[in-house]
Amino acid sequence: MNIHSFLADDDQQNNQYKYVLNTTNKLQERRKSDRSESIFRDSDLRSFALKLAQQGDYTEAIALLSQLIFRHPHNAVDYNNRGLIYFQSGDREKALSDYNTALKFNPYLASAYNNRANYYAACGELAVAIADYDRAIDLKPHHVRAWINRGITWRDLGQYEVAIENFELALLFGQLEGHIWAERGRTYHLWGDWNCAIADYRRALTQLPSLDNDKDIPGCRLRLQLENWLDELLSQSAS
């Protein structure tokens, strides 16, 4: 498979980032004096867990989300979020179990289909992944991450024209343009259209965060990948 970066549904983390920065220190101080998470609101626990996951503290993040699940055992969103963190920590089987549980409680949760599709794609089950991305987009037609991920998966299947169509449709929503241009450029690169690839790579570099940006780890990771792709292409062009 080609090297790529599937986009998980971390909207809560992105949308609540400033709020998390303001509350994390307060929560940490209160946890020092009282280890019981029951003193915190659900929204505090959820935001704190996602912040910890961003920092790489998966064990603590999972513990907080497990506390939320104990409080609300039928909350599909918390299972989906815990599954995402399990996946990020490398525990794919537990991630799949949580995604399946989330969809059992809410079969209309588009983000869970996208995240489960990422699991299948990472395991090489590309046709199954496509089916889940299709379902996510059917439920939420403006689901940009699912459009991008489905394009990546079609590319891995060698269906470059279909992949390009997915990326171009994703651009219509005006979100994550840097990611889309990077992945469309990679598709052109593999397809042999180097001029289009270089143009898209350069567009993407104007949108993606710098490598020292700690607020958008997936974006930084993609930028590093993109710079490697561009260097590879330019060296091939020069030879």
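**Close-up 1. Helix α7, end to end.** Helix α7 covers residues 110-122, and at 1.5 Å a residue its 13 residues should span 18 Å, which agrees with the 19 Å between its end C-alpha atoms. The expected span here is 1.5 Å times one less than the number of residues, and helices are DSSP runs of H or I with at least four residues, numbered from the N terminus. Just a word on the source: this is a predicted model, where local features need pLDDT of at least 70 and side-chain atom pairs count only at pLDDT 80 or more, while totals for chains, interfaces and linings use all residues. Residues are numbered from 1 along each chain as its sequence is written, and side-chain values use heavy atoms, with hydrogens and water left out. After α7 comes G124, which has a positive phi near 85°.

Close-up 2. Of the 13 residues in α7, 12 are buried, so the helix is mostly covered (buried means under 20% relative accessible area, exposed over 50%, partly exposed in between, with a 1.4 Å probe and protein chains only). Among the buried residues are Y113, N114, N115, R116, Y119 and Y120. Their cover includes α5 (76-89), α6 (92-105), α8 (126-139) and α9 (144-156), with contact meaning heavy atoms within 4.5 Å.

**Close-up 3. Y79 and F105, one of four aromatic pairs.** The whole structure holds four aromatic pairs; rings of Phe, Tyr and Trp (its six-membered ring) pair if their centres lie within 6.5 Å, and planes under 30 degrees apart count as stacked, over 60 as edge-to-face and the rest as tilted. For Y79 and F105 the ring centres are 5.7 Å apart and the planes meet at 40°, so this pair is tilted. Y79 belongs to helix α5 and F105 to helix α6, so the pair ties together parts 26 residues apart in sequence. Y79 is buried at 10% relative accessible area, whereas F105 is partly exposed at 29%.

**Close-up 4. Y160 and W191.** Here the ring centres are 6.2 Å apart with planes at 40°, so the pair of Y160 and W191 is tilted. Y160 sits in helix α10 and W191 in helix α11, so parts 31 residues apart in sequence are tied together. Y160 is partly exposed, at 21% relative accessible area, and W191 is also partly exposed, at 43%.

**Close-up 5. L172 between two helices.** L172 lies in the loop between α10 (160-171) and α11 (177-191). L172 is exposed, with a relative accessible area of 68%.
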